[in-house]
Structure formats: structure tokens, C-alpha cells
Amino acid sequence: MPNFEIEDEYVGLIAGVDEAGRGPWVGPVVAGCVVFLDRNVDEFLLNNLNDSKKISKKKREQLYEVLYKEKENGKILIGVGITSAKEIDEINILNASFLAMKRAIVDANANPCMVLVDGNREPKNFGYNTKAVIKGDAKSYSISAASIIAKVYRDRLMEDMAKKYPGYGFEKNAGYGTKTHVEGLKIYGVTPEHRLSYAPVKEFVK
């Protein structure tokens with residue numbers, strides 16, 4: 001379960017960032033940024049925050065709403081950063097993920113002295129001090145909260161995209177290469193939201 005131990009290694013504002021959507025074949029990559037200004041927050045957060053992939057959709061939605069409630073209470077800063085499929089094709093998914101994280105920090109209106117980045121890679125020329133934390137969304141409250149923001153925000157984007165491009169199952173597969181998605185590609189072809197640099201998508205561009 002996450003805690004504030006990594007945050008406590010530093011003095012000043014500590015931001016946690018994480019992204020959702022590296023693996024899907026379609027849509028943007030979305031990053032969340034969370035800064036705890038006050039740790040005296042709703043106990044539901046501290047008792048339930050964890051790696052977003054280990055939490056049910058219903059609980060993720062609940063955590064998302066409580067995080068934004070605490071933002072309104074002035075206890076948390078939240079930001080969301082988006083990098084489009086076109087940008088992913090231009091600069092690759094790793095760089096696009098870092099760009100989304102940077103945009104999320106700016107959107108949070110945060111000026112952190114340290115940014116905790118989920119994963120094993122630290123971005124270069126990022127403009128902020130960074131520390132990579134492997135499996136950070138299971139270790140740090142800030143990263144865990146950021147992972148919830150990114151995941152829920154992106155899932156909602158994909159549900160909206162499913163209405164615009166029906167037949168691919170985006171509302172259920174979030175853009176991953178499921179059987180429904182492949183069938184959609186066979187029938188309807190590639191959408192403007194597909195990542196053309198991804199090998200499985202290239203097959204359908206031919």
C-alpha cells in the first residue's frame with residue numbers, strides 16, 4: 001500500500017505523475033499530476049489509493065471524485081496533460097508520455113521542487129527535478145493519486161470516442177488491441193485517432 005515515505009525524503013512541494021495509455025493502438029496518452037498540499041484529507045483516499053490497475057472501475061471513479069473534492073477544498077493540486085496520437089507518432093510513446101506529464105504539472109499550476117515519476121525512466125531536459133520510482137503507484141500516495149486521475153480521465157475520453165467511432169469497442173477496450181478492436185479495423189479501417197506508428201495499426205494502413 002502507498003504512503004508518504006518517498007515524499008518525506010524531500011522538502012517543499014512534491015508532485016507525483018503517472019500516465020495511462022501507453023499500450024493502446026488508438027487515442028492520446030494521458031498523464032495525471034497530484035500534489036498533496038495538506039495530508040489531512042478524506043480517509044477514503046488514504047485507505048484505498050493504490051495502483052490504479054489493481055482497483056475496480058467503480059472504486060477508481062469514487063477515488064477520482066474524492067480527489068477533485070479535496071482539490072476544491074484546497075488540499076490537493078491536480079493537473080491533466082494530454083499528448084495526441086499524432087504527437088505520439090511524431091516523437092514516440094516514451095517521449096509523448098513525458099510530454100503529457102510535463103503538461104499535467106503545468107495544468108496543476110504546480111511548481112514542485114521534486115517530481116516523482118512512475119516507472120524506471122527519468123525524462124531528460126524535463127525542466128523539473130525528477131525521481132523515477134519503480135511501481136510508484138503502489139508506493140507513493142502522490143503517484144497513486146496521479147494514476148487514478150490519468151486512468152479515469154482517459155477511460156472517459158475513450159468512452160466519448162466510442163460514440164464518435166462505433167464498432168471498435170473503445171468504451172470497453174480503451175483502445176487496446178482486443179478482438180473487437182481488430183474486427184472494427186477490418187470492417188471500418190483506421191480512424192484519425194489511431195497511432196499509425198504502431199506495428200499492428202500499420203498492417204491495416206496497407
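This is a predicted model: local features need pLDDT of at least 70, side-chain atom pairs count only at pLDDT 80 or more; totals for chains, interfaces and linings use all residues.
Colleague: At the start of α4, which residue's backbone nitrogen does a side-chain oxygen of N92 reach?
Modeller: The two atoms come to within 3.0 Å, inside the limit for a polar contact (N or O atoms within 3.5 Å, one able to donate a hydrogen and the other to accept it). The backbone nitrogen reached by N92 belongs to L94.

Colleague: What distance does α4 reach from its first C-alpha to its last?
Modeller: The helix has 15 residues, and its expected span is 21 Å, taken as 1.5 Å times one less than the number of residues. The model comes close to that, at 20 Å.

Colleague: Which elements are included in what covers the buried residues of α4?
Modeller: Buried (under 20% relative accessible area, 1.4 Å probe) applies in α4 to L94, A96, S97, F98, A100, M101, A104 and I105. Their cover, by contact (heavy atoms within 4.5 Å), includes β1, β2, β3, α3 and β4.

Colleague: Which element gives the most residues to the lining of the largest pocket?
Modeller: A pocket is an open set of points on a 1 Å grid where a 1.4 Å probe fits, with protein on both sides within 12 Å along at least five of seven lines; lining residues have an atom within 4 Å of a point. This one holds about 390 Å³, and of its 25 lining residues E19, A20, G21, K53 and Y176 are closest to the centre. Two or more lining residues come from each of β1, α4, β4 and α5. The most, 4 residues, come from α5.

Colleague: How many residues does α4 give to the lining of the second largest pocket?
Modeller: This pocket has about 220 Å³ of space, and its lining includes L94, F98 and R121. The largest share of the lining comes from α4, with 5 residues.

Colleague: Is N50 buried or exposed, and at what relative accessible area?
Modeller: N50 lies in the loop between α1 and α2. Beyond four places away in sequence, N50 touches M1, P2, I55, D137, A138, S144, S147 and I148. N50 is buried, with a relative accessible area of 15%.

Definitions and conventions
Residues are numbered from 1 along each chain as its sequence is written. Side-chain values use heavy atoms; hydrogens and water are left out. Grid points are joined across faces, edges and corners, and a volume is the space filled by probe spheres set on the points. Buried means under 20% relative accessible area, exposed over 50%, partly exposed in between (1.4 Å probe, protein chains only).
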